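This briefing describes the chains of one structure and the contacts between them. The sequence and the coordinates are shown first, and the description follows by topic.

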Amino acid sequence: MIPLDHYIYLSSILFAIGVTGVLMRRNMIVLFMCIELMLNASNLLLVALSQYHSDSAAQVFVFFVMLVAAAEAAVGLAILVMLYRNNPTTQIDVWNRLKN
Amino acid sequence: MVYCSPWLTEQSFFKEDFTPAHADKFLFNLAPGIAMFVALITGAAIPWGGTLHLFGTDYALQIADLNIGILYISGVVSIGVYGIMLGGWASNNKFALLGAIRASSQMISYEIGMGIAIIAIVMMSGSLSLDEIVRQQAGFHWNIFYQPIGFLIFITCAFAECNRTPFDLPECEQELVGGYHTEYSSMKLGFFMFSEYVNMFISSALMASLYFGGYNMPFIDQLGLPQNVLTLLGTAFLFAKIFFFIFFFMWIRWTIPRFRYDQLMHLGWKVLMPLAIVNMLLTGGAILLKNGL
Amino acid sequence: MEILFYLLAIVAIASALGVVLSKNPVYSVLSLICTFFAIAAQYILLNAQFLAAVHIIVYAGAIMVLFLFVIMLLNLNILVETQRFTTARLTAAFTGGLLCLVLIAALRSAGDIKAANPANAKIGLIENLGMTLFNQYLLPFEVSSLLFLAAMVGAVVLAKKEIA
């Protein structure tokens, strides 16, 4: 059995990589992917804790996280497509104003 | 499609392997590999027969009896899209890209109907393990008698998933030259072709297992044959069913003309998906009634 | 087991770095898929097979295909990402590393976490999950289906071309 600490470290590292990506990159699609990465880091921790505590509630929460991630990706990418139609770029700092 | 026949596909061993100059080399080479790999690993969860008793040990004729077998298969099938998408995109050719987008949106659309059709089966059998589902159909309790609409949906979606006629729009040569594998040649094209045929075989095996009793054959238990003979006969019956479905695939291919793309999408989203949901609701209602509410 | 865990952890971290560092968004998508597979394998190591299968179906089979679709349809790989100043990038990397350090240090100082229940390998099986989901969390489940519907309608409305 792998100690719980290791899962905590792994998911912290993955989460930090996601945060770094959001800070570093400007491409909106890559930003979305980094958010997915952060959500996955938390999912991994939830599953590890659920196994450790023998409680299936945490795994149910993982479902809800996946669901929110799917909804977020669908709506976010739709917004991206709409923005791209107005101004063909995915650079995040071009869209720093809501009104054009 | 001339080069589509397995006969000519064998010639792909001896043809020149050509990579377009502006293609993304890595992905261009990776894509056929993904397509082939994904097609081949699906078979791991399918029960090819009962148990053989040899030299004092039992051998199950199934590579892995996963308790989530159906989910495994739908997961693997959903990854199959990547081979096509990456192949079409990496070719750096607009016809290949269009073909890839067509193929992948078709596969995604029909996966939904297929999944909901399978849910009705899962509700009936109460298990996600394919072996369990096959075992419950022993005797003549084949699921086709309880799920005729589900089977109709499943077989239509299987045709679309395998990109077979009448849903072979991704490679319709009048509009798209050759579809997502326009730029491919030699063994890489061969891999795409082989994966299509392997998919056909696997979906035939799935149809046989889910709806036609898998390796079960009615009334065979009453003959009093030894266990091993029964198992081997069961495997033979399964393959007979699979060959029947492959014949059916070929048969349809020479019978029905190709759909138009909007008709294809209309069929997938506005006909098959609602029908599958109604089928699922009816199945749920029937189960409730049978269990006395 | 242990070796498998470390191997998968290295794969996950390396491909997560690939997501952040690769220039071409398509390669970012592929790296992220690789991360997802590593995480799914971790779920299997944790006896959460059902969750692993759902993870693959939802993330690799649906969400990442959506990303790939958008990238291909908009042909985004041609665009060159205007780079931020090197100092800004360095600051970002430094901040991320610092966050990682703080997280790990905080969790370390939390001390030993005691398991509330004795270990049970059957937790991740679909029967147990279904019982929990449809007994304790039925209302969130129904509400989340509404959220899905809203997201679906919203995505269609947003992405549809306006009829002039």
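**Chain B: overall form**

Of the 293 residues of chain B, 47% count as buried. The model is a predicted one.

- Chain B holds 10 helices and 2 strands, and its elements follow one another along the sequence as α-α-β-β-α-α-α-α-α-α-α-α.
- The radius of gyration of chain B is 20 Å, close to the 19 Å given by the globule rule for 293 residues, so chain B is as compact as a globular protein of that length.
- The C-alpha trace of chain B spans about 65 × 50 × 35 Å along its principal axes.
- When contacts in chain B between residues at least 6 apart in sequence are considered, 81% of them join residues at least 24 apart.

Two helix pairs of chain B are described here. Two packed helices are described by the angle between their axes and the distance between the axes.

- Helix α2 (residues 25-41) of chain B packs with helix α8 (residues 186-211) of chain B at an angle of about 20°, and their axes are 8 Å apart. Because angles under 35 degrees count as roughly parallel, α2(B) is roughly parallel to α8(B).
- The crossing of α2(B) and α8(B) is left-handed.
- On the α2(B) side, the residues that meet α8(B) are Pro32(B), Gly33(B), Ala35(B), Met36(B), Ala39(B) and Leu40(B). Their counterparts in α8(B) are Lys188(B), Phe191(B), Phe192(B), Phe194(B), Ser195(B), Val198(B), Asn199(B) and Ile202(B).
- Sorted by class, this contact of α2(B) with α8(B) has 10 nonpolar, 3 polar and 1 charged residues.
- Helix α4(B) and helix α10 (residues 261-290) of chain B pack at an angle of about 10°, with their axes 8 Å apart. That angle makes α4(B) roughly parallel to α10(B).
- The contact of α4(B) with α10(B) comprises 18 nonpolar, 7 polar and 1 charged residues.

**Chain A: overall form**

- Chain A has 3 helices and 0 strands, and its elements run α-α-α from the N terminus on.
- The radius of gyration of chain A is 17 Å, well over the 13 Å that the globule rule gives for 100 residues, so chain A is more spread out than a compact globule.
- Taken along the principal axes, the C-alpha atoms of chain A fill a box of roughly 55 × 25 × 15 Å.
- Of the 100 residues of chain A, 57% count as buried.
- Residues 24 or more positions apart make up 48% of the contacts in chain A with a separation of 6 or more.

**Contacts between chains**

- Among the 2 pairs of chains that touch, the most contacts are between chains A and C.
- The contact between chains A and C takes 73 residues from chain C and 60 residues from chain A. In chain C, α1 (2-21), α2 (25-45), α3 (49-74), α4 (86-109), α5 (126-135) and α6 (138-159) each supply at least two residues of the side that touches chain A.
- Helix α4(C) gives the most to that side of chain C, with 11 residues. The residues of the side of chain C that touches chain A divide into 53 nonpolar, 16 polar and 4 charged.
- The contact between chains B and C takes 16 residues from chain B and 14 residues from chain C. In chain B, α3 (69-90) and α4 (94-125) each supply at least two residues of the side that touches chain C.
- The largest share of that side of chain B, 9 residues, comes from α3(B). By class, the side of chain B that touches chain C has 11 nonpolar, 5 polar and no charged residues.
- No contact joins chain A and chain B, and their closest C-alpha atoms lie 14 Å apart.

**Residues with positive phi**

- Ser54(A), a residue other than glycine, has a positive phi near 55°. Ser54(A) lies in the loop between α2 (28-53) and α3 (57-86) of chain A, and with 16 C-beta neighbours inside 10 Å it counts as partly exposed.
- Asn47(C) is not a glycine, yet its phi is positive at about 65°. Asn47(C) is found in the loop between α2 and α3 of chain C, and with 19 C-beta neighbours inside 10 Å it counts as partly exposed.

Note on methods
Residues numbered from 1 in each chain as written. Chains lettered and ligands numbered in written order. Predicted model: local features only at pLDDT ≥ 70, side-chain atom pairs only at ≥ 80, totals over all residues. Contact = placed C-beta atoms within 7 Å. Helix = DSSP H or I, 4+ residues; strand = E, 2+ residues; numbered from the N terminus. Nonpolar A, V, L, I, M, F, W, Y, C, P; charged D, E, K, R; others polar. Rg over C-alpha atoms; globule rule 2.2 N^0.38 Å. Buried ≥ 20, exposed ≤ 12 C-beta atoms within 10 Å, placed from the backbone. Axes fitted to C-alpha atoms, helices over the stretch in contact; angles between N-to-C directions. Parallel < 35°, antiparallel > 145°, perpendicular 65-115°, else oblique. Left-handed = near helix turned anticlockwise from the far one by under 90°.
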